[in-house]
Amino acid sequence: MSDGAVIDSPAVGAVSDLESAIDQLAEVNLTALSDEDCVRLVDRLEVASRRLQSAGLPVLREVVVRRAYSKLGCSSPAAMLTSLARLRPGAARARVEAM
């Protein structure tokens, strides 16, 4: 989708920071955590996951308003999410309906 141009914006920077944090988390030695800490971590990750999905809704809304999905050859935002993000069709429709 990218034409090779580098996009410099606060939103892109924030997503880069998220990607870095996920990479760091993937390398953590979880065996050093107590059982309680593991449970707390699961809870915090679930909360963070929901917050991330919620934070993505305004971006999806902007894609819809601009009809940017059509530039990818997709017939709808849900089709774009199915194709681009590899969501299952039902999950893609639910994400669009959540806007």
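**Exercise 1. Read the fold along the chain.**
Task: Work out which pattern the chain follows along the sequence.

Solution. 
- Step 1. Walk the chain of this predicted model from its start. The pattern is α-α-α-α.
- Step 2. Count the elements. There are four helices and zero strands.
- Step 3. Place the helices by residue number. Helix α1 covers residues 10–26. Helix α2 covers 35–66, and α4 covers 89–97. Helix α3 takes residues 77–84.

**Exercise 2. Describe the overall shape.**
Task: Compare the radius of gyration of the chain with that of a compact globule of 99 residues.

Solution. 
- Step 1. Take the reference. A compact globule of 99 residues would come out near 13 Å.
- Step 2. Take the chain. Its radius of gyration is 17 Å.
- Step 3. The C-alpha trace spans about 50 × 35 × 20 Å along its principal axes.
- Step 4. Check burial. Of the 99 residues, 11% count as buried. The cut-off is under 20% relative accessible area.
- Step 5. Look at contacts between residues at least 6 apart in sequence. Of these, 27% join residues at least 24 apart.

**Exercise 3. Characterise surface and charge.**
Task: State what share of the accessible surface belongs to carbon and sulfur atoms, and how far apart the mean charge positions are.

Solution. 
- Step 1. The accessible surface comes to about 8000 Å². Carbon and sulfur atoms hold 56% of that surface.
- Step 2. Count the charges: 12 positive and 13 negative.
- Step 3. Compare their mean positions. These are 11 Å apart.

**Exercise 4. Find the buried face of α3.**
Task: Identify the buried residues of α3, explain why they line one face, and name the helices they pack against.

Solution. 
- Step 1. List the buried residues in α3. They are P77, A78, M80 and L81.
- Step 2. Look down the axis of α3. The buried residues fall within an arc of 160°, so they line one face of the helix.
- Step 3. Recall the helix geometry. An α-helix has 3.6 residues a turn, so residues three or four places apart point the same way.
- Step 4. Find the partners. The buried residues of α3 pack against α2 and α4.

**Exercise 5. Inspect the positive phi values.**
Task: Locate R67 and R86, and give the phi of each.

Solution. 
- Step 1. Start from the rule. Most residues other than glycine have a negative phi.
- Step 2. R67 has a positive phi, near 55°. This residue lies in the loop between α2 and α3.
- Step 3. R86 has a positive phi, near 60°. R86 is in the loop between α3 and α4.
- Step 4. Check exposure. R86 has a relative accessible area of 71%, so R86 is exposed.

**Exercise 6. Compare two sites at the start of the chain.**

Solution. 
- Step 1. D8 lies in the segment before α1.
- Step 2. S20 is in helix α1.
- Step 3. D8 and V47, 39 residues apart in sequence, are 28 Å apart. S20 and I7, 13 residues apart, are separated by 17 Å.

How values were computed: Residues are numbered from 1 along each chain as its sequence is written. This is a predicted model: local features need pLDDT of at least 70, side-chain atom pairs count only at pLDDT 80 or more; totals for chains, interfaces and linings use all residues. Side-chain values use heavy atoms; hydrogens and water are left out. Helices (H or I, at least four residues) and strands (E, at least two) are DSSP runs, numbered from the N terminus. The radius of gyration is taken over C-alpha atoms; the globule rule is 2.2 Å times the number of residues to the power 0.38. Buried means under 20% relative accessible area, exposed over 50%, partly exposed in between (1.4 Å probe, protein chains only). Contact means heavy atoms within 4.5 Å. Accessible areas come from the Shrake-Rupley method with a 1.4 Å probe; for residues, only the protein chains shown count as cover. Lys and Arg count as positive and Asp and Glu as negative; His and the chain ends are not counted. The place of a charge is taken as NZ of Lys, CZ of Arg, CG of Asp or CD of Glu. The arc is that of the directions from the helix axis to the C-beta atoms.
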